[in-house]
Amino acid sequence: PRHYLNSFRGEPAISRLDQPCGVMRVQQFVTRTQQPSSIRQLPLTTAVVLGAMQQTPQHHYPLSLSRCTATTTTTATGQPPWISQPHLPKLPVPALSSTLDKYLANVRLYPHLDHNKTAQLVNSFAQKEGPELQDKLLAYAATQNAQGKSWLIEWWNRWAYMDYKDSVVINVSYNFNTVEPRERVNQTRRAATLTHAAILFKQKLFDGTLKPDMGKDGPICMAMFRYLFSTTRIPKTGTDVWDEHHDDPEGQRTVVVMYNNRFFIVDVFDKQGNLLPIPDIESLFDKVKQMAPEYQEWSVGPLTSENRVTWAEAREQLLQSSRNAASLKAIERTLFGVCLEDAIKTGDDAEREFWHGTGRNRFFDKSFQFIIMGDGHVGYNGEHSGVDGSPAWRMMTDVLQWEDNYLADKIYDREKEARRSLTALTAPVELGFDLSEEFINGPIKKAEARLQKNIDDVPLHIMKFEHFGKNEMKKWSLSPDAFCQMAMQLAVYRLTNDIFPTYESGATRAFLMGRTETVRSVSAESIAWVKGMTSRDLSHEEKYKLLANACARHSKTNQQACDAQGIDRHLLGLRLIAAQTGAPVPELFKDPAYSYTSTWKLSTSQLSSPYFSVVFGPVAENGIGCCYGINDNRLHFHASTGPTCVVTPTQFCQAVQQALLDMAQLCRVAAPPPKGAKP
């Protein structure tokens with residue numbers, strides 16, 4: 001079977017898509033052809049990929065949403081922040097006994113699993129092949145650390161992302177939806193403002209003046225930021241690669257603008273190499289719209305939403321034409337994408353537009369694209385393979401804060417007076433493609449149909465909760481994140497009378513080249529809490545105590561994950577080192593309990609911002625994907641479900657809302673008064 005990846009997250013799950021991806025097909029995938037030296041490839045042995053994929057479903061992981069702020073204490077280095085990060089510790093390999101104990105305890109939470117069998121397998125692994133594999137993993141980690149890398153990063157990038165062969169749209173990509181209403185400006189002015197601000201951010205990033213993100217113990221890893229700009233994911237029949245153009249002087253000047261399903265290269269710098277003021281960029285975007293008054297019925301854009309092998313094969317066909325090759329190269333070398341849409345949409349329809357649209361006015365392989373609607377409403381679509389949630393969050397937050405300051409200072413009016421004529425600017429260039437009717441009616445139309453089916457298979461619902469936010473949760477002496485996690489646990493239990501294996505993304509950026517670790521949200525305490533909350537035999541005080549215990553346990557598990565002391569990445573490393581060294585697959589990883597407890601029927605990530613909210617897809621065909629945000633006095637939950645899920649996203653959100661209200665009522669009655677509160 002193939003496997004269904006969610007937009008930011010979890011472990012094995014059966015795919016809903018229909019492309020073959022069995023072992024023999026995988027063996028064909030990993031036979032890589034020689035690529036141009038400008039294309040970055042990840043050095044990973046075929047044995048690792050085959051070993052992992054033969055035994056375990058491929059999967060994808062949720063946005064890692066680090067709780068970070070910008071430091072105010074560092075000075076310019078003159079180089080990108082990922083070049084030298086000597087202060088960062090190396091990603092540790094957890095103790096084998098600790099991981100196995102945690103894993104076995106997690107398996108025992110699910111009563112239908114064969115606990116005795118799993119215990120025997122864990123004990124056998126701990127006594128036999130486990131210590132040898134642990135030693136090999138430690139030796140491999142030492143080698144990688146000596147090269148300035150994490151032991152996990154190359155495995156992770158390839159195994160979790162670049163070898164994934166289903167569509168990146170919905171399954172991998174994610175979107176930000178800006179909070180509206182903001183101060184309304186026309187579409188091209190808004191697009192120009194965001195373009196200008198994003199490039200200013202990029203310039204600070206690459207000249208070393210961008211203040212690094214901070215964790216609780218100091219600056220955290222900035223390595224993923226390199227993939228925000230001038231980076232495109234290139235499809236391959238084997239392993240996808242990143243095409244990076246950080247040293248391309250022409251590519252560093254341009255963005256790709258999409259309008260009416262047509263593609264334009266826009267140079268946003270003047271002849272002296274200075275970034276154009278916003279009114280001049282606005283003029284260029286207006287010119288694009290003048291050049292494309294008619295809606296084009298077809299586009300190469302939907303091809304980027306295809307199965308990666310299908311897209312790779314179609315791309316090879318396109319490259320047979322020198323005109324097509326030049327047009328694709330021009331797109332791939334740009335800083336990022338700007339998609340202009342005439343439509344005006346709100347609510348779920350706007351989320352859908354930012355998440356996928358029709359695919360025609362998009363190029364999903366770009367690291368990110370701004371989508372600007374006819375009324376100036378803005379979304380952000382991100383390709384997730386190289387960048388987790390926190391770097392994208394930081395960039396988008398900085399951009400929108402810069403926009404607020406720009407508007408407040410009324411700089412636009414002064415700049416507008418000095419606007420240059422179009423003749424003094426480099427005119428936009430429309431890209432052309434030589435496409436036969438057979439190609440349009442074949443690969444392109446099939447890509448459109450497949451994307452539409454994928455869209456139809458994943459319903460979406462948004463729940464904006466205005467009753468309270470983190471301020472009140474803190475008064476109840478409870479972690480806001482844990483509180484929301486327990487609300488989702490209670491919602492699922494009330495809807496299904498079941499406990500879903502649950503993933504929350506934990507960021508490991510405190511370590512060099514750290515990305516994420518799984519926070520296994522279900523615990524003995526959380527199960528006791530949801531069952532207690534539905535009981536009529538317990539007092540309010542008893543129920544509150546169960547909730548407090550569950551929240552405390554969740555916070556501890558979350559911290560362990562962020563400290564790289566979780567379960568899942570370590571077990572993955574042991575599987576991969578076994579495959580890389582030719583060792584037999586341990587029986588532990590063939591156990592149905594392993595697959596069940598790492599198939600995330602509820603996959604979650606928290607991203608909290610006053611500026612935007614986030615949408616991603618579910619991991620499992622029968623699962624739920626939910627990104628939630630926590631603000632001072634409000635919350636939001638954006639849920640989507642797989643095609644065979646027993647609940648709809650609307651039902652899930654309604655149940656979460658009721659759970660939150662019931663929990664608040666409980667806490668207002670039974671929670672102890674805040675510390676320092678007057679009696």
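Which residues of H4 meet which residues of H5? Select both helices and look where they come together: Ser124, Phe125, Ala126 and Gln127 on the H4 side meet Glu129, Gly130, Pro131 and Leu133 on the H5 side. Keep in mind as you go that this is a predicted model. H4 covers residues 115-127 and H5 covers residues 129-146, and their axes come within 3 Å, crossing at roughly 55°. The two helices are therefore oblique to each other.

Now zoom out to the whole chain. The protein chain has 21 helices and 20 strands. Of its 679 residues, 62% are buried. Take the contacts with a separation of 6 or more: 78% of them join residues 24 or more positions apart.

Asp163 belongs to the loop between helix H6 (153-162) and strand S3 (174-178).

You'll find His356 between helix H11 (347-355) and strand S11 (368-372). His356 has a relative accessible area of 4%, so it counts as buried, the cut-off being under 20%. Show its surroundings, skipping residues up to four places away in sequence, and you'll see His356 touching Val169, Ile170, Arg362, Phe364 and Ile455.

On to the nonpolar cores. The largest one has 151 residues, and the ones with the most contacts inside it are Phe336, Tyr380, Phe483, Trp529, Phe637, Phe652 and Leu660. H21 supplies the largest share of this core, 11 residues. Click on Tyr380 and leave out neighbours within four places in sequence: its contacts include Tyr174, Asn175, Phe176, Leu228, Phe354 and Phe368. Also on the Tyr380 list are Gln369, Phe370, Ile371, Ala392, Met395 and Met396. A second, separate core has 25 residues, among them Phe263, Leu318, Phe354 and Ile444.

From H16, the contact residues are Phe483, Met486, Ala487, Met488, Leu490, Ala491, Val492, Arg494 and Leu495. From H21, they include Gln651, Phe652, Ala655, Val656, Gln658, Ala659, Leu660, Asp662, Met663, Ala664 and Cys667. How many residues of each class are in this contact? The count is 16 nonpolar, 2 polar and 2 charged.

Last stop: H17, residues 524-533. Which of its residues are buried? Select Ser526, Ile527, Trp529, Val530, Gly532 and Met533. You've already met Trp529, listed with the most-contacted residues of the largest core.

Terms used. Residues are numbered from 1 along each chain as its sequence is written. This is a predicted model: local features need pLDDT of at least 70, side-chain atom pairs count only at pLDDT 80 or more; totals for chains, interfaces and linings use all residues. Side-chain values use heavy atoms; hydrogens and water are left out. Contact means heavy atoms within 4.5 Å. Helices (H or I, at least four residues) and strands (E, at least two) are DSSP runs, numbered from the N terminus. Ala, Val, Leu, Ile, Met, Phe, Trp, Tyr, Cys and Pro count as nonpolar, Asp, Glu, Lys and Arg as charged, and the others, Gly among them, as polar. A nonpolar core is a set of buried Ala, Val, Leu, Ile, Met, Phe, Trp, Tyr and Cys residues joined through side-chain atoms within 4.5 Å. Buried means under 20% relative accessible area, exposed over 50%, partly exposed in between (1.4 Å probe, protein chains only). Axes are lines fitted to C-alpha atoms, for helices over the stretch in contact, and angles run from 0 to 180 degrees between N-to-C directions. Angles under 35 degrees count as roughly parallel, over 145 as roughly antiparallel, 65 to 115 as roughly perpendicular and the rest as oblique.
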